[in-house]
Amino acid sequence: MALACACGEATAQKFKAVIVDGVNNHDWAAGTAAIQKILGGTKRFTVDVATYPTLPDFARYDVVINNFNGGHTDAGTRWPKEAEQALVAYVRGGGGLVIFHAANNAFLNWPEYNEMIGLGWRDPSFGKGIAIGANRQIIVIPQGEGLPPGHGPRHDFEIFVLDKNHPVTRGLPDHWMHPSEQLTHGQHGPAEGLTILTYAVSEVSHQGEPMDWVRNYGKGRVYVTMLGHTWKNESNPNLEDVNFQRLFAQGVEWAANGRRR
């Protein structure tokens with residue numbers, strides 16, 4: 001089924017996307033297949049895949065989708081320095097970057113990556129956190145406070161759209177029930193320049209936790225989604241949620257559009 005995408009003017013020229021995968025504590029192959037299916041359904045993208053240790057020439061693409069999680073510890077797998085520098089230059093120069101689920105866990109000690117993603121699987125001592133209050137207000141959690149990162153078991157939960165006018169969320173319902181997903185809490189980071197798009201109320205933290213957000217970085221644009229959990233040898237009905245599929249496709253296109261302006 002073709003997916004509608006309301007985030008940009010129709011164009012005959014397809015956006016060029018590349019997915020980086022190959023290392024992840026989740027089933028990265030299933031995640032990559034889902035991304036390819038979602039973007040293919042829109043008819044607006046060509047999608048290549050670079051499986052680590054192969055890394056792409058970022059400059060060839062409108063948007064880079066990171067499905068790589070090298071770990072959130074000091075021993076986590078890093079890319080070669082020249083590749084890290086190339087990605088930073090690409091985004092600062094106007095490229096699009098999408099962080100898919102566990103990719104926000106990656107690269108604990110890469111400062112620019114932490115700046116680009118804004119919030120990651122980081123301990124409270126690392127930086128600030130963000131929560132959404134009962135009146136839909138943004139709450140900044142000071143560095144050193146709040147829960148450490150974690151999640152409860154997979155379950156159905158309600159996703160609420162916080163910013164209904166953003167191109168990434170345009171056309172979505174105000175809220176919907178998302179199936180069989182991990183609801184992550186306790187993300188920390190620089191937390192600067194972020195626009196929170198969606199949230200869900202955690203059964204652990206008992207507060208609204210950001211699920212999707214965006215930020216500008218230099219001339220580029222970054223979209224982060226905490227959704228998209230995958231485990232090997234398990235079904236992943238969360239990836240078949242049509243509202244998630246539309247949200248994700250519009251997020252990727254929003255990030256890619258920075259190269260077309």
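Keep in mind that the model is predicted. The protein has four helices and 14 strands. Its radius of gyration is 17 Å, which agrees with the value near 18 Å that a compact globule of 261 residues would have.

**Overall build**

- Picture a box of roughly 45 × 40 × 40 Å, taken along the principal axes: that's what the C-alpha atoms of the protein fill.

**Empty spaces**

- Rolling a probe the size of a water molecule over the atoms shows where empty space is left.
- The largest pocket holds about 170 Å³ of space. It's lined by 16 residues, and the closest to its centre are Asn 25, His 26, Asn 105, Trp 121 and His 151.
- Sort the lining of that largest pocket by class and you get 12 polar residues, four nonpolar ones and no charged ones.
- Search the whole structure for cavities of 30 Å³ or more and you'll find one. The largest cavity has about 40 Å³ of space.
- Around the largest cavity sit Asn 24, His 26, Asp 27, Gly 31, Asn 67, Phe 100, His 101, Ala 102, Gly 228 and Thr 230. By class, that lining has seven polar residues, two nonpolar and one charged.

**A pair of helices**

- Two packed helices are described by the angle between their axes and the distance between the axes.
- Helix H1 covers residues 28–42 and helix H4 covers residues 242–256; their axes come within 10 Å and cross at roughly 75°. H1 and H4 are therefore roughly perpendicular to each other.
- On the H1 side, the contact uses Ile 35, Ile 38, Leu 39 and Thr 42, while H4 brings Phe 244, Gln 245, Phe 248, Ala 249 and Val 252. Split by class, the residues of this contact are seven nonpolar, two polar and no charged.

- Most residues other than glycine have a negative phi, and most peptide bonds are trans. Here are two spots that go the other way.
- The peptide bond from Tyr 52 to Pro 53 is cis, with omega near 15°. You'll find Pro 53 in the loop between strand S2 (45–51) and strand S3 (63–66).
- Phe 107 isn't a glycine, yet its phi is positive, near 60°. Look for Phe 107 in the loop between strand S4 (96–100) and helix H3 (111–117).

Key: Residues are numbered from 1 along each chain as its sequence is written. This is a predicted model: local features need pLDDT of at least 70, side-chain atom pairs count only at pLDDT 80 or more; totals for chains, interfaces and linings use all residues. Side-chain values use heavy atoms; hydrogens and water are left out. On a 1 Å grid over the protein atoms alone, a cavity is a set of points where a 1.4 Å probe fits but cannot get out, and a pocket is an open set with protein on both sides within 12 Å along at least five of seven lines; lining residues have an atom within 4 Å of a point. Grid points are joined across faces, edges and corners, and a volume is the space filled by probe spheres set on the points. Ala, Val, Leu, Ile, Met, Phe, Trp, Tyr, Cys and Pro count as nonpolar, Asp, Glu, Lys and Arg as charged, and the others, Gly among them, as polar. Axes are lines fitted to C-alpha atoms, for helices over the stretch in contact, and angles run from 0 to 180 degrees between N-to-C directions. Helices (H or I, at least four residues) and strands (E, at least two) are DSSP runs, numbered from the N terminus. Angles under 35 degrees count as roughly parallel, over 145 as roughly antiparallel, 65 to 115 as roughly perpendicular and the rest as oblique. Contact means heavy atoms within 4.5 Å. The radius of gyration is taken over C-alpha atoms; the globule rule is 2.2 Å times the number of residues to the power 0.38.
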